[in-house]
Structure formats: structure tokens, C-alpha cells
Amino acid sequence: MLKLVDLPVLHKFTLYRTRTNYYLIGRDEKKTFWRILKIDRTEPNELNLFEDPTRYTHDEITQLKKWISRGNQKYGGLRAETTCYGLIGFVKFLGPYYMLVIKRRKKVGEICGHTVYGVVESQMIMIPYPSRKTIDADSSAERKYKKLLNMVDLSKDFYFSYTYHLMYSLQKNICNTERGRNHDETMFVWNEYLTHGIRRILQNTVWTVALVYGFFQQTKCLVSDEQFILTVIARRSRHYAGTRYLRRGVNEEGSVANEVETEQIVTKEVPEGQKIPITSVVQMRGSIPLFWSQKPSVFNPQPNIILNNKDRSYVATQLHFENLKQRYGKLIIILNLLKVGFPRQVKFYPLHLAGKHRENILREEFEKAILFINGGTRRENHLKANHFDLNKHYKSGADRAFELLCADGKEALESINLFFGEAPSGIGADGVINDIFFNSPILNRDEEATSSKQEALKANIFMRQTGVFRSNCIDCLDRTNVAQLAHGLVALAHQLQKLGIRGPPIVDKNTPLGKKLMEVYENMGDAIAMQYAGSDAHIKMFSALRGDWNIVKKNRDKIIALRRHLYNTFQDSEKQNAINVFLGKFKPQLGKPALWELRSDQQNTMRNSSNLNINNLRPNHSRSFSDNLILGSLDLKELVQENHQPSRAGLNSGWETTSNGGWETTSEVGFCEEEPSSSRVHSVIRDEDNLRRIGSRQMFLEVDSTSDSHGLEDAPGLSHSYNATFITAEEMFERCR
């Protein structure tokens, strides 16, 4: 198997500018080849791109930069703009195009040897050269759209990988079930709209990264001298994305609000070169798949539920569950945590009981929908639903309520199973590379692999997950977090058993391992709640399970409730507009009403659609081949060449020793290394014919000959918080160096 570091994937980029063009120069991780993407700056209303297919050596790319600089000497030559780690995409509002890039990244973990990164900092760069036209276009509306886009904070909870399809579960990656799909257009890729133009022009994803929005935490655990890695991933769907009160229920295409896929992966540590035993369990959450809504009110923290009964055949509900079956398998197990409350015929009830009654309206309708859908299908394809009033059971005792949730989780797991297999490090990388080039084979082998080598490249699959566990409450936040923890805790015991890890004799919420898992799920719950509701998750049930619920935490929960209410009332609308702009649900047009000027009913029409015709919304894009070489009068013998001498700074002091002799990070964004300027060795080029060959193969002519400019190199930012034993970051990532 090719080592991941040897794959033809671009990891680091330097953006250079002239008066008429941007040049994005990318290189692979080992600095063995360089590629060039040229971006025209002369047409502010068009996105004109040219990709040079040549793979340049360092000497060649240095020489090419000199030629471009010489050709543009009159206008200041070639200048370095920034260093980045991938293109997020391009966007246009009312004026010029902008380019979004990843300025800094952090390493957050590995999956089967594939490195996963989190975005630390992004940058928006205007493409056209500043002129009177671009200045005139910088209207107040343009600035407001830019502000809206920047409200989607890319430095929080956005993740990507160069060699692993992070938008898919481990089972889909190893079993290769999604081969041949346009992966960047799937439901968990949040920058699909932003990359649409460049993907359509270049017919590849060489320069872009696919951003997954949600949560990622990986911890290395050592229990009774047995070592394993616990990874929890949450992937938020973009199809019906938005804020708490402006995204409720289901849309006509079957997509639900606050739809999040959660994957729990456990990997056994083995010596390098051996296949990696690995297991995963996938569960999901999502709003009740009915047409319902709530109108936020300053004076009512629990607005009345408005149930729209227009879909008496539950078509959208059926579409939702059919989609789940296509994604996960035919068995769908539903855990509905809505409150029971009083019968609907009760017209007058105390005000403090209003919350129970309002949820009961949805609960009854959801039951009817499930019965209706099951009535039209064969028994083996029935939806299996358990309506469990967690709030009611919690009042009888948190431990007992959690035991019942675990029992449901155990029963579900016995039905749908989990994924279990053994995979070589880096599995699937070849497929990812071919997918990057839209299934055009690009990997060359010097000789055919022997049958024994081919066997070593394959995964051994012992068990597959054949369905999904779906849980929901009214918001799919606080109660759902507890239910997902229960399912994850039951699954963890089975995962360790499959891997042959017998260190923890009992896995429950009171053991160190159970407490660690609870911490991870609390962190995930906070992230999901912040994304959807603008506040951390409530801690009441988690604290009760730990036995530390007290007056201080009770007051904290009250503050969270107040903050959530105020945020939803006063900021949800603007945040929803920002998400709509980022996802391409709304495309600004000159002479048309601005997004913030639309009536509420017009915005609702936009909100209820998840698949707009994006081609009709975007302006035309074109590929530019119009540049002319202007090197004819240059004396090539006078040009000099720079040899890159890579150097690498040591890790910053971002780690502290813990009380148990382990390590933990003190930085919220993880390790970052500065990459100093490369030392330069100058030598005279003697092979004029070779230089002419390099210069004539592509249409480039126009930053001084500077090598890679100052930039931040990434380094591990993994959190080690398991309180039994910690492992150093160097040991954690030793295999990927």
C-alpha cells in the first residue's frame, strides 16, 4: 500500500498575486511536487480559472515564479499574498467574487491512519484587482452580506481530511459503498455551494476540502494495560439546517431540522504494519418529522406548537424514513422522548403544565404517522418505535431512568448490530484519490501487485450495522443527549468485547471509562446545542447521573435557559440568514430585494426548501485560457534557481504535565508550529533547453522568487482527558510521521 504521505494530495498552498491574476501554488506533504491554479482578476463578475496539469519539481516551480515575476515587473512583479491549507470555496454577493481559504488548521485525530484536521482560522480574499468598479460595488448591502457569511464561524466545529471521506461513516468508507458518488454534494458537506463553481470548471476536487460541521473528539485510553482509542464524531446535515425556532419538523423533501449523525469508533492499538481492529456504531437525532412550527416570543419561553395537518398521508414523513433506510439499512428504531402530558381534550390546565401539554400534541400525531406508515408496509419493514417520557421517568430517579434507556439501547443494538472489522492503515486512500479526480485513474504502479499484497490491502469485515437508532425530544438537544449517551455506553461494552479488550470488567456510568464517555457526550451535546440553539446544553440530567446536582448547577441551568430564550428571540433570524447565505439557499441579485428585506412568508418559503436549483442561482463560470507568454525577450541564462532547504521548528510548549504523569493540552486550538523561511541556495542554470521546455508547457507569464512564505504548520491538538492514564501526543501520532 502506498503510504499516505506519498499520495498525490495537496496539503499546503501559497497564494501569489499579480495585477491581473492570482496564482495558487500547492504542494504535497513530502514536498515532492507542486501544482498551479491560476485565478483571473480582471473580470470582477466572473470566476475564470485555469488549472495547470503539470507536476512541477521545486526547482521548476521556483523558476516559473521568476518568469511570472519578470513578466509583471512593471506592476510590481509577483507577490506573496498568504499561506493556506486548502480552498473552502468561492462566493459572490452583489459585487466581485471572493475566495475563502483555510489559514490555520489543527490536527484533532486519526482514523485508520488518516489524519483529521479542524479549521482554526479562515480568510476571505477579494479576487478582482481593486478598481473604481470594485470600490463602487462595495455598498452597504455588500458589506452586510459579507458580515452575514462571516457569522458562520468556520473556526468552530468544522473538520476535514485530505485522504479520508469524513462525510461518511467508517462502515461506508471501509466497505466502499459510496464509490462513484459526488461526495462533495452529500448531506454532511457544508461547503458544497461554495465549491460548486470550481468543481464544475475543473472537474476535480484537487484544490478544495470538504468541510463537515459538528463535533470531533478522540481520546487514547489505557485501562488495565490494554490500549485503545475512542473517537466520537457528530455530522450535522445541511439539508434543513438552521436555528431552533426557524427550523422545526420536516420539509417537503423529507429532511428534518437539527439532523445530526453520531458515530462512536473504538480502535485497538496494534504494532505498525498489522491490520487495525476497529468497530463503530452510528446513531442519529432529528426533529419530529411532521409539519410543525413555533413562533418565538419575548414573553413566552415555551411558545405554543403549531401543527400543520396538510399532509394527511404523511408523505414527507415517509420520505424521511425511506431516506434513513437507504442510508443505514431497513431497520429503523425510534426512541421518542416527548412528554405525555394531559389528554388533548383538556382545555384548561395550570400554566406551569403548558409545556407538557404542548409536547403531547406532537407525540400523538407522531404515533399516528408511524401507525399509518407501518400499515402500508410488510411487517419486516415496520418502523419500531418506543415512546418514552424521559422527563416523567427522571422524576422517579435519574439512575432508574438511565437504566431503562440502556435497556432500550441494548435491545436496539441486538437488532441492528455494529460494524466490526480489521483494516490496514490508510485503507481507502487510493479510492479517495481517484474520487478527487472524478474517477479518472491517476495512480501509477511500477509493477502489478502480487495476490498476497492485494490481500494485505483489503479489510476483513466481520459484522455490519444494518439499521439505525433514531432518538428525538422536542429540540433534539438535552434529553436526546442523555439517550444517545445510554446507547453509546451499551455499544462501548460490545465494541470492547468484539476487539478482545477485557481491561474494564464492567462498563457503566460509574466506572472511569463510563465517566469519560459521559464527558465526551456532554461536550458533543454542548457543541450541538450551541449550533442549533445558541447556548450550551442543560446539565441537569447529566449532573443527576453523576450525583452532583446542586443549587449552583441548578442556577447555571436557569441561566442557560434564559440565554437560550433571549438568543432564540433576538438573534435567530440573523443567524438563519447567515446560514442561508453560506449554504446558497439565498443568492443576492442586483435589483432584487435583499435577504433582510423579504417578508416573513417569503423567508418561510425559502426555509422549507432544501434543494434549490443552484445552477439558476449562480452566475455563469468559465475557464480562462487567454493569457499569453511574454518571455520571448528574456535571457534564460541570466535566471537563477533556488533550492528549497526545508527546516522544521520544534513543537511549541503547549502541553502541561498532569497529576498522573500524562499530558494534556493547554491550548484551545491545539499545537501549531511556525514554519520559518526556507534557507536558499542559488545556482546558475546551465540547461537552457530544459528551461524552455518547462516554460512552454503551460500558459503562464506574467512575487519575487520567494519560496513558501511564512505560515503556520499544523501539529497535534488532541485532547487527552481520560483520567486513568494519558499518553503523550508524540506517542499518539507516532505512526503518521
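Tutor: Lysine 558 belongs to helix H15, which covers residues 551–570; helices (H or I, at least four residues) and strands (E, at least two) are DSSP runs numbered from the N terminus. The model is predicted, so local features need pLDDT of at least 70 and side-chain atom pairs pLDDT 80 or more, while totals for chains, interfaces and linings use all residues. Residues are numbered from 1 along each chain as its sequence is written, and side-chain values use heavy atoms, without hydrogens or water.

With a relative accessible area of 52%, lysine 558 is exposed (exposed is over 50%, buried under 20%, partly exposed in between; 1.4 Å probe, protein chains only). Together with Lys395, Lys540 and Lys554, Lys558 forms a positive surface patch. Patch residues have over 30% relative accessible area and no salt bridge; like charges are joined within 9 Å, and nonpolar side chains (Val, Leu, Ile, Met, Phe, Trp, Tyr) within 5 Å. Lys and Arg count as positive, Asp and Glu as negative, with His and chain ends left out; a charge is placed at NZ of Lys, CZ of Arg, CG of Asp or CD of Glu.

Leucine 562 also has its place in helix H15. Leu562 contributes to a nonpolar surface patch of about 580 Å², which is made by Val298, Phe299, Leu562, Leu566 and Phe570 (areas by Shrake-Rupley, 1.4 Å probe; for residues, only the protein chains shown count as cover).

Arginine 564 is involved in a salt bridge: its side chain meets that of aspartate 478 at 3.1 Å, N to O (a side-chain nitrogen of Lys or Arg within 4 Å of a carboxyl oxygen of Asp or Glu). Because arginine 564 lies in helix H15 and aspartate 478 in helix H12 (residues 478–499), this pair ties together parts that are 86 residues apart in sequence. Both arginine 564 and aspartate 478 are buried.

Elsewhere in the chain, shared partners connect salt bridges among Glu185, Glu192, Arg199 and Arg238 into one network. The structure holds 24 salt bridges. In one of them, arginine 17 and glutamate 81 meet through their side chains at 2.7 Å, N to O. Since arginine 17 is in strand S1 (residues 10–17) and glutamate 81 in strand S5 (residues 79–84), the pair joins parts that are 64 residues apart in sequence. Arginine 17 counts as partly exposed because its relative accessibility is 29%, and glutamate 81 counts as partly exposed because its relative accessibility is 30%.

Strand S20 (residues 467–472) may be considered next. It is mostly covered, six of its six residues being buried: Gly467, Phe469 and Ser471 on one side, Val468, Arg470 and Asn472 on the other. Strand S16 (residues 331–336) runs parallel to S20 and is joined to it by six bridges; pairing of two strands requires at least two DSSP bridges. Within this pairing, asparagine 336 stands opposite asparagine 472. Strand S13 (residues 276–285) is likewise parallel to S20, with three bridges between them, and arginine 285 stands opposite serine 471.

For the chain as a whole, 20 helices and 27 strands are present. Of its 737 residues, 57% are buried. The accessible surface comes to about 31,300 Å², with 48% belonging to carbon and sulfur atoms.
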